[in-house]
Amino acid sequence: EGPTDADLMNDAASTGDVLTYGMGPQAHRFSTLKAIDTSNVSKLVPAFAASLGGEKQRGQEAQPLVYDGTIYVTGSYSRLFAFDARTGEEKWQYDARLPDGIMPCCDVVNRGAAIHGDKIIFATLDARLVALNRNTGKVIWNKQIADYKEGYSATAAPLIVKGMVITGNSGGEFGVVGAVEARDVNTGELIWHRPVIEGHMGTLKGKDNGITGKLNATWQGDLWKSGGGATWLGGTYDPETNLLFFGTGNPAPWNSHLRPGDNLYTASTLAIDPDTGVIKWHFQTTPHDGWDFDGVNEFIPFDATINGKPMKLGAKADRNGYFFVLDRTNGKFISANKFVMQTTWANGFNKAGKPNYIPEGRPPAPGEGKGKPVFASPSFLGGKNWMPMAYSQDTGLFYIPSNDWGMDIWNEPIAYKKGAAYLGAGFTIKSIAEDHIGALRAMDPKTGKIVWEYKNKAPLWGGVLTTGGNLVFTGTPEGFLKAFDAKTGQELWKFQTGSGVVGSPVTWEQDGEQYVAVMSGWGGAVPLWGGEVAKSFKDINQGGALWVFKLPK
Ligand SMILES: O=C(O)c1cc(C(=O)O)c2c(n1)C(=O)C(=O)c1cc(C(=O)O)[nH]c1-2
């Protein structure tokens with residue numbers, strides 16, 4: 001009883017529920033629903049707002065799930081809530097009661113849960129996966145993914161494919177080893193574990209499953225042992241090619257002079273066989289990263305005709321400021337186009353898919369103390385960070401929540417120590433435009449051109465939703481959920497939720513009406529690491545509420 005594997009694979013087409021992070025395993029975040037459209041969205045009003053309550057209000061980055069009259073949301077500090085989808089009444093809540101000593105780098109966030117059968121499953125900041133009974137909130141199983149005392153944590157929504165819960169890990173700033181793993185959804189038992197740094201051994205059903213890559217090929221000495229590459233944003237799945245797509249984070253430490261080589265498979269997109277955990281192909285977006293350009297951002301499968309040829313493609317808007325289109329069957333490079341105002345580290349990509357580096361853009365080796373700062377753009381917080389883009393099957397456009405900013409970055413000496421920050425770099429974030437940091441951009445993946453943009457004063461830090469009603473929804477730190485015309489970018493509606501919106505909106509149909517829901521609650525990496533830039537916009541209240549909207553009767 002409850003959603004099956006087939007229901008999850010069909011999530012993009014079924015409009016009566018929201019069962020997966022991304023609204024379908026391919027994470028298009030597109031709904032065919034069109035009762036709410038450009039002609040009536042200005043009339044949208046709240047049906048209810050449900051508070052998460054209490055004092056644990058930090059960044060609310062969750063995407064809601066909706067099933068059988070219940071809305072499930074994860075909250076800051078590893079909590080999970082079930083609300084009645086008609087009234088907003090709380091049905092139950094679960095609090096993981098985190099131990100002292102957890103080390104999340106970028107706020108106590110969580111991006112969402114996964115649902116299957118009688119279970120709702122989410123990852124916690126002490127690097128565990130917890131499966132709860134979706135009707136009662138009682139624990140069914142609870143498994144450790146990794147040791148939080150070494151700097152591991154987990155913030156991503158799990159992905160469920162073929163009865164397996166597939167998840168990544170966080171901890172790239174502590175020299176952990178990024179990995180993807182699959183567990184039995186019913187028992188939580190490990191099926192396979194695939195480290196994503198060259199040199200580490202994987203396992204399949206308790207047996208060695210081969211080494212990743214070639215030992216010491218793109219790392220020197222023992223550096224691979226603490227190489228980073230955290231898979232902290234989870235992944236997408238493409239049923240057509242039977243491939244999982246996971247991005248990998250920055251290499252550790254940040255100071256690139258301490259680790260010569262390409263440092264595979266950091267800052268990459270990986271295609272992984274869900275049945276074995278074997279890496280089928282990889283594409284590195286920032287070889288030998290020196291700016292903290294994690295490559296974790298979602299890789300979204302889509303089909304398009306390129307030069308007269310119908311192709312199975314995938315797209316990623318990378319933290320490094322470039323929008324990549326690859327052949328998703330084999331990882332072959334198709335194109336990379338800039339989607340931000342400025343990139344100082346590379347001047348485009350060559351035909352082979354390698355960046356044309358700008359040598360002066362790399363912060364130099366430090367010598368004994370603090371190295372010479374260089375100005376770099378995007379900032380380490382990225383041309384786009386974790387907040388997911390959306391792809392409209394109607395317009396053929398990707399809607400990218402992006403940011404225009406830079407940083408002064410310098411290198412410093414550092415040595416690896418278990419459980420301690422492993423950066424070897426310092427930074428100051430800087431504005432580069434008078435009128436905005438955030439920019440919601442509509443990207444045509446066939447031409448690499450920006451079709452329209454909406455500029456926002458504060459950095460955009462929430463996910464995007466697009467619909468058959470020719471609409472695009474996204475939130476702002478200033479507190480608004482906004483709706484735009486998907487073809488023109490014209491702003492059509494906004495609603496003030498009382499705190500910053502850094503969650504991902506969803507839509508579904510219930511009792512014959514279309515609903516839109518989003519979490520409100522300011523937080524995430526910007527207030528923690530944004531420095532003066534984070535202070536340059538109005539003080540934003542903490543919060544923690546689920547907002548649900550519909551048209552008046
Ligand atoms: O390397 C990592 O393990 C890791 C993890 C996370 C995370 O789990 O939230 C972030 C980052 N890195 C990161 O670089 C980053 O900018 C970031 C922003 C956020 C956020 O939720 O706002 N998380 C993370």
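This is a predicted model: local features need pLDDT of at least 70, side-chain atom pairs count only at pLDDT 80 or more; totals for chains, interfaces and linings use all residues.

Colleague: How many bridges join S4 to S5, and which way do they run?

Modeller: There are 6 bridges between S4 (residues 70-75) and S5, and the two strands run antiparallel. To find your place, look for Thr-70, which stands opposite Asp-84 in S5.

Colleague: What's in the turn between S4 and S5?

Modeller: S4 and S5 make a hairpin with 3 residues between them, and Tyr-77 in that turn has a positive phi of about 60°.

Colleague: And how is S5 joined to S6?

Modeller: By 5 bridges, with S5 and S6 (residues 90-95) running antiparallel. Phe-81 stands opposite Gln-93 in S6.

Colleague: Which residue takes a positive phi in the hairpin of S5 and S6?

Modeller: That's Gly-88, with a phi near 80°; this hairpin has 5 residues between the strands.

Colleague: Switching topic: where does Asp-238 lie, and is it buried or exposed?

Modeller: Asp-238 lies in strand S17, residues 235-238. Its relative accessible area is 0%, so Asp-238 counts as buried, the cut-off being under 20%.

Colleague: What does Asp-238 touch, leaving out residues up to four places away in sequence?

Modeller: Asp-238 touches Gln-26, Leu-243, Phe-245, Pro-301 and Arg-328.

Methods: Residues are numbered from 1 along each chain as its sequence is written. Side-chain values use heavy atoms; hydrogens and water are left out. Helices (H or I, at least four residues) and strands (E, at least two) are DSSP runs, numbered from the N terminus. Buried means under 20% relative accessible area, exposed over 50%, partly exposed in between (1.4 Å probe, protein chains only). Contact means heavy atoms within 4.5 Å. Two strands pair if DSSP finds at least two bridges between them.
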